Amino acid sequence: MWRASVLTLFPEMFPGPLGVSLIGKALGEGVWSLEVRDIREHGLGKHRSVDDTPAGGGPGMVLRADVAAAAIDAVRAADETPRPLIYLSPRGAPLSQARVRALSEGPGAVLFCGRFEGLDERAIQARGLEEISLGDFVLAGGEVAAMALVEACVRLLPGVMGAQASQTEESFEQGL
């Protein structure tokens with residue numbers, strides 16, 4: 001079964017659109033699974049703080065490296081088969097149909113949804129996160145991008161779309 005684990009400060013956003021239509025039907029039938037974890041569970045102090053000023057300076061706040069690492073480690077500890085760790089970021093490599101297909105053929109993915117000015121670079125490096133972008137624009141957080149990535153992958157799973165043959169005729173499947 002293909003598994004998506006989403007690390008977010010806003011777990012109430014899920015399943016959202018992933019719970020309806022063909023993707024939601026496949027979720028209900030157990031074709032794929034969705035686990036949503038609140039990053040704040042790993043926050044520090046009585047207020048469960050998750051952000052800090054950037055280590056190198058600059059405006060805004062970033063998600064703390066230690067909090068992010070703890071959240072990622074908690075998901076990875078439960079994995080029998082390692083899944084790609086993905087950070088949805090505007091500075092990441094553009095998401096392509098080829099990458100979606102590769103992800104859909106694997107065991108799933110762990111998706112880290114950033115907020116504020118992003119995720120402390122030390123966490124990205126220490127945990128080997130792959131950065132993926134949906135395009136040259138900025139969202140308030142990674143949740144919508146995570147939903148788009150999951151939907152793109154799940155629709156390629158066997159039994160999700162009515163006619164599997166139609167996948168090969170789609171525009172981006174042939175490199176358009």
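A nonpolar core, as used here, is a set of buried Ala, Val, Leu, Ile, Met, Phe, Trp, Tyr and Cys residues joined through side-chain atoms within 4.5 Å. Keep in mind that this is a predicted model.

**The cores**

The largest nonpolar core has 26 residues, and the members that touch the most others are Trp2, Trp32, Ile86, Leu111, Leu149, Val150 and Val154. Which elements give two or more residues to this core? They are β1 (2-8), α1 (21-28), β5 (85-94), α3 (97-104), β6 (108-113) and α5 (143-154). Helix α5 puts in the largest share, with seven residues.

Leaving out residues up to four places away in sequence, Val154 touches Trp2, Ile23, Trp32 and Val160. Apart from this core there's another one, of 19 residues, including Leu9, Leu85, Val110 and Ala123.

**An aromatic pair**

The count of aromatic pairs comes to one. Tyr87 sits in strand β5 and Phe112 in strand β6, so the pair ties together parts that are 25 residues apart in sequence. Both Tyr87 and Phe112 are buried.

**Helix α1, side by side**

Now for α1, whose buried residues are Ile23, Gly24 and Ala26. Looking down the axis of α1, you'd see them fall within an arc of 160°, so they line one face of the helix. What do they pack against? The buried residues of α1 pack against β2 (32-38) and α5. The face turned away from the buried side carries Ser21, Lys25 and Gly28, which are exposed. After α1 comes Gly30, with a positive phi near 80°.

**Arg115**

Is Arg115 buried or exposed? With a relative accessible area of 17%, Arg115 counts as buried, because the cut-off for buried is under 20%. Arg115 lies in the loop between β6 and α4 (121-127). Its side chain reaches the backbone oxygen of Ala140 at 3.4 Å. Setting aside residues up to four places away in sequence, Arg115 touches Leu9, Phe10, Met13, Leu63, Ala140, Gly141 and Glu143.

Here are two of the distances from above:

| Pair | Distance |
|---|---|
| Arg115 side chain and Ala140 backbone oxygen | 3.4 Å |

Technical notes. Residues numbered from 1 in each chain as written. Predicted model: local features only at pLDDT ≥ 70, side-chain atom pairs only at ≥ 80, totals over all residues. Heavy atoms only, no water. Buried < 20%, exposed > 50% of the residue type's maximum accessible area, 1.4 Å probe, protein only. Helix = DSSP H or I, 4+ residues; strand = E, 2+ residues; numbered from the N terminus. Contact = heavy atoms within 4.5 Å. Phe/Tyr/Trp six-rings, centres within 6.5 Å; stacked < 30°, edge-to-face > 60°. Arc of directions from axis to C-beta. Polar contact = N/O pair within 3.5 Å; in protein donor to acceptor, adjacent residues only side chain to side chain.
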